[in-house]
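Subject: Structure handover

Hello,

Here is the structure I promised you. Please open it first, then read my notes beside it.

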Amino acid sequence: LCSGQSTVLTASGATSYTWSANAGSATTNTVSVNPTTNTTYTVIGANAGGCMDTTTLTISVNPTPTLAVNAAPGNICSGQSTVLSAGGASNFTWTPGGLTTNTISVSPIVTTTYTVTGDSLGCTASQTVVVTVSATPTLTAVASQTTICAGQTTTLTATGATNYTWTP
């Protein structure tokens, strides 16, 4: 089992049953258990003549992976790419894309949510990461005068963005 899961134990071959205390001391042939660690259960079966037999069953509990997911960077401009990485499991599957490595490079054209599913010992967990895509600005620059004499000035005007840096 994976941690957090339950299972049903079933005994047969007798007319009455008694399960161990860790199975709730049930007196039916089936019992539902939710162990948190590897646990051995015992059941005693008896028939109408008073004959009894005992058997045990061990349930192994595997941990659910604890995934860590990272996008570096998580905010990109259109046309750029970013690297998504995951850890905490043995095997990985990314959606969208279906890639099965722990690190992938993506170039979404719009803001996209990626889900990675990690698997270890048959137990799975999922995490999501959002890559935010911002539109690349289309800049336009104009000069009030494109030809000037030494010592004169002209005004340069840029549009299409929120912030501007002029050089020189």
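Start at Pro96, which sits in the loop between β9 (91-95) and β10. Keep in mind that this is a predicted model.

**Two cis bonds**

Thr95 and Pro96 are joined by a cis peptide bond, with omega at about 0°.

Now find the strands β6, β8 and β10. They form an open sheet of three strands, in the order β6-β8-β10, with antiparallel pairing. Which strands stand at the edges? They are β6 (68-72) and β10 (103-106). Each has a single partner strand, so one side of each has no neighbour in the sheet. From one strand to the next, the twist averages 20°.

Look at one pair in detail. β6 and β8 (residues 82-87) pair in the antiparallel sense over five bridges. Val69 stands opposite Ala86 in β8. As a reminder, strands of a sheet pair through backbone hydrogen bonds, either parallel or antiparallel.

**The sheet β2-β4-β5**

Next comes an open sheet in the order β2-β4-β5. It has three strands, and the pairing is antiparallel. The edge strands here are β2 and β5 (52-59), and each pairs on one side only. Neighbouring strands of this sheet are turned by 25° against each other on average, direction ignored.

How many bridges join β4 and β5? There are eight, and β4 (residues 39-46) pairs with β5 in the antiparallel sense. Tyr41 has Leu57 in β5 as its bridge partner. Remember Tyr41, as this residue comes up again below as a contact of Ser20.

Move to the loop between β2 (16-19) and β3 (30-33), where you will find Ser20. The side chain of Ser20 makes a polar contact with the side chain of Asn22, at 2.4 Å. What does Ser20 touch once its neighbours within four places in sequence are left aside? The contacts are Ser25, Tyr41 and Thr42. Check Val43 too. The C-alpha atoms of Ser20 and Val43 are separated by 6.1 Å. Along the chain, these two are 23 residues apart.

Ser25 is in the loop between β2 and β3 as well. Its phi is near 55°, a positive value in a residue other than glycine. That is worth noting, because most residues other than glycine have a negative phi.

Have a look around, and write back with any questions.

Best wishes

Notes: Residues are numbered from 1 along each chain as its sequence is written. This is a predicted model: local features need pLDDT of at least 70, side-chain atom pairs count only at pLDDT 80 or more; totals for chains, interfaces and linings use all residues. Side-chain values use heavy atoms; hydrogens and water are left out. Helices (H or I, at least four residues) and strands (E, at least two) are DSSP runs, numbered from the N terminus. A polar contact is a pair of N or O atoms within 3.5 Å; within protein, one must be able to donate a hydrogen and the other to accept it, and residues adjacent in sequence count only if both atoms are side-chain atoms. Contact means heavy atoms within 4.5 Å. Two strands pair if DSSP finds at least two bridges between them. Axes are lines fitted to C-alpha atoms, for helices over the stretch in contact, and angles run from 0 to 180 degrees between N-to-C directions.
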